[in-house]
Amino acid sequence: MGKLTIRSFAVMPFDENCYVVSDDTGEGVVIDPGGMAKEILAYIREKKLSIQAVLDTHGHCDHIGANDAVRDETGAPLYIHKADAPMLSDMRLNLSAFMGFKALSRPAEHLLSEGDKISFGQSELEVIHTPGHTVGGVCFVGDGVVFTGDTLFAGSIGRSDFPGGSEVELIGNIKKKLLALPDEMKVYSGHGPSSEIGWERQCNPYLQW
């Protein structure tokens, strides 16, 4: 596995975390480009990265807004879980119709399922399906890191009161699938600071029952 370089962008107006993840080969992926395409693409050009995929952890508007701009410049295909794919082209489903801005994305080239693997350079990310925030929410697990989208935050969990959400399902999937990962695994979430699985296991108040 290649050593990962992770560059985060806090995308306004919801401080959504977009991540450009690359390894020593210069190949990489973009996770959740919710906006700020200009800044994201400037970094990709500066580092001369070859982007192999655009990955959406789920289909909400603040995570998909710059999908097309990143795809258009890099030529990389888009991946999203099959259950969230309809949200890309429906402003009501992706919630942008209620947020005061327009977020639409062309259909994804690839639909994800549990256990799928996305390769770039000498690295690989594995898909873990963690519904509860959305029906098609996923996390991406790499070497020592997990990108959790809006499933798990530092000291908190994603909202479950949107259409398709379920608090019971969300907490159940976090406990079963994410807390099964090593304690030292770094957590990069869709909003807020990074964390570690071990800290979340011990201290996250939502996971203590």
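This is a predicted model: local features need pLDDT of at least 70, side-chain atom pairs count only at pLDDT 80 or more; totals for chains, interfaces and linings use all residues.

Analyst: A salt bridge here is a side-chain nitrogen of Lys or Arg within 4 Å of a carboxyl oxygen of Asp or Glu. By that rule, the side chains of Asp72 and Arg106 are paired, with N to O at 2.9 Å. This pair links distant parts of the chain. Asp72 sits in helix H3, residues 67–74. Arg106 belongs to the loop between strand S5 (78–81) and strand S6 (110–112). The two residues are 34 residues apart.

Asp72 has a relative accessible area of 54%. Exposed means over 50%, so Asp72 is exposed. Arg106 is at 37% relative accessibility and counts as partly exposed.

Other bridges can be set beside this one. The search of the whole structure finds nine salt bridges. One of them joins Lys47 and Glu46 through their side chains, at 4.0 Å from N to O. Lys47 is partly exposed, with a relative accessible area of 44%. Glu46 reaches 55% and counts as exposed.

Asp161 and Arg159 form another salt bridge. Their closest N and O atoms are 2.8 Å apart. Asp161 is exposed, with a relative accessible area of 54%. Arg159 is partly exposed, at 46% relative accessibility.

Some bridges also share partners. Through them, Asp68, Arg71, Asp72, Arg106 and Glu109 are joined into one network.

Arg159 leads on to the pockets. Besides its bridge to Asp161, Arg159 is among the residues that lie nearest the centre of the largest pocket. Asp62, Asp150, Phe162 and His191 are the others named there. The lining has 14 residues. By class, six are nonpolar, five polar and three charged. The volume of this pocket is about 200 Å³.

The second largest pocket holds about 160 Å³ of space. Its lining includes His60, Asp84, Met87, Arg92 and Pro163. By class, that lining has six nonpolar, three polar and two charged residues.

For a buried site, turn to Thr151. Thr151 lies in the loop between strand S10 (145–149) and strand S11 (152–153). Its relative accessible area is 3%. Buried means under 20%, so Thr151 is buried. The side chain of Thr151 makes a polar contact with the side chain of Thr130, at 3.0 Å. Leaving out residues up to four places away in sequence, Thr151 also touches Cys139, Ile157, Gly158, Leu170, Ile174 and Leu178.

Key
Residues are numbered from 1 along each chain as its sequence is written. Side-chain values use heavy atoms; hydrogens and water are left out. On a 1 Å grid over the protein atoms alone, a cavity is a set of points where a 1.4 Å probe fits but cannot get out, and a pocket is an open set with protein on both sides within 12 Å along at least five of seven lines; lining residues have an atom within 4 Å of a point. Grid points are joined across faces, edges and corners, and a volume is the space filled by probe spheres set on the points. Ala, Val, Leu, Ile, Met, Phe, Trp, Tyr, Cys and Pro count as nonpolar, Asp, Glu, Lys and Arg as charged, and the others, Gly among them, as polar. Helices (H or I, at least four residues) and strands (E, at least two) are DSSP runs, numbered from the N terminus. Buried means under 20% relative accessible area, exposed over 50%, partly exposed in between (1.4 Å probe, protein chains only). A polar contact is a pair of N or O atoms within 3.5 Å; within protein, one must be able to donate a hydrogen and the other to accept it, and residues adjacent in sequence count only if both atoms are side-chain atoms. Contact means heavy atoms within 4.5 Å.
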